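Reader: Hi! Could you walk me through this one?
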Amino acid sequence: MLALGFAAACSAPLVGVLAEGKDIQGTCPKGQLLASDVRLDASGTFVAADISGEIESVLRDVAARTAVCGGHLRVSAFSGSSAGTVTLFDEELVLHGATENSRFRRIPGVQDHVVDEVSKNYGNFEGLGGGSDIVGQFRLADEYVRQLGEKYALNEVIVTDGLQNDVVNVEAARNRAEAKAMAHRVSAPDLSGAEVAITGLGNRNGAKPSSKQVETVVAFYTALCARMKVASCLPSTEYVSKSAR
């Protein structure tokens, strides 16, 4: 009976942060560290009063994955140009501990650190205003991962309403075909091997776009991802964790 009880205890499912760590571990790139890059749209149509809600959920998820897989996390806010970009967080994330379980137990602390720092720095500006150059953020992401080096794999997350209005006006596309054509008129970097998530699409401040308009926005970013040759692309209205995709 003792032997059976011991076996049952050993086969019991992991719970809480230990289970989370195991799930995340299964999403880590093979032989590479993560270059996680979270970009927050701070233009007039999307800027939030603070990072609570969707932004915080994104930060906690990306921070946990970056720490478990090992890598670097940068968080920034942007508006209409690369000049209108503010860095809110920029650190290497590491989980210290002699065992896997001890390391996984440090995940909440790392998440709190990232959220606290981003929240503090986000509160230091009142939004960048102006238009949105979302496409331009991919060029900056390319520069970011190149600076870190070949041992890093890009994990790009852009939190935005998706309403690109610099160079092309995505909102003006009348259907998916026009949106795809727009995606072929902008300059796009080669992000081969990168993971890309563009979340918050259509969730702008004020009057909300129709479902058809959201579909055209999704079509634009899907076509843009194909041009950039990314390994995975998820344009969505709400963020989905990598381990749940």
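Author: Happy to. Accessible areas here come from the Shrake-Rupley method with a 1.4 Å probe, and for residues only the protein chains shown count as cover. The protein exposes about 11,500 Å², and carbon and sulfur atoms supply 52% of it.

Reader: What should I know about the model itself?
Author: This is a predicted model: local features need pLDDT of at least 70, side-chain atom pairs count only at pLDDT 80 or more, and totals for chains, interfaces and linings use all residues. Residues are numbered from 1 along each chain as its sequence is written, and side-chain values use heavy atoms, with hydrogens and water left out.

Reader: Thanks! Which residues touch the most other members in the largest nonpolar core?
Author: Val38, Leu73 and Val75, out of 36 residues. A nonpolar core is a set of buried Ala, Val, Leu, Ile, Met, Phe, Trp, Tyr and Cys residues joined through side-chain atoms within 4.5 Å; buried means under 20% relative accessible area, with a 1.4 Å probe and protein chains only.

Reader: And which helix gives the most to this core?
Author: H3, with nine residues; helices are DSSP runs of H or I, at least four residues, numbered from the N terminus.

Reader: Switching topic, how much of the protein is buried?
Author: Of its 245 residues, 47% count as buried.

Reader: What about contacts in the protein between residues at least 6 apart in sequence?
Author: Taking contact as heavy atoms within 4.5 Å, 78% of those join residues at least 24 apart.

Terms used: Buried means under 20% relative accessible area, exposed over 50%, partly exposed in between (1.4 Å probe, protein chains only). Helices (H or I, at least four residues) and strands (E, at least two) are DSSP runs, numbered from the N terminus.
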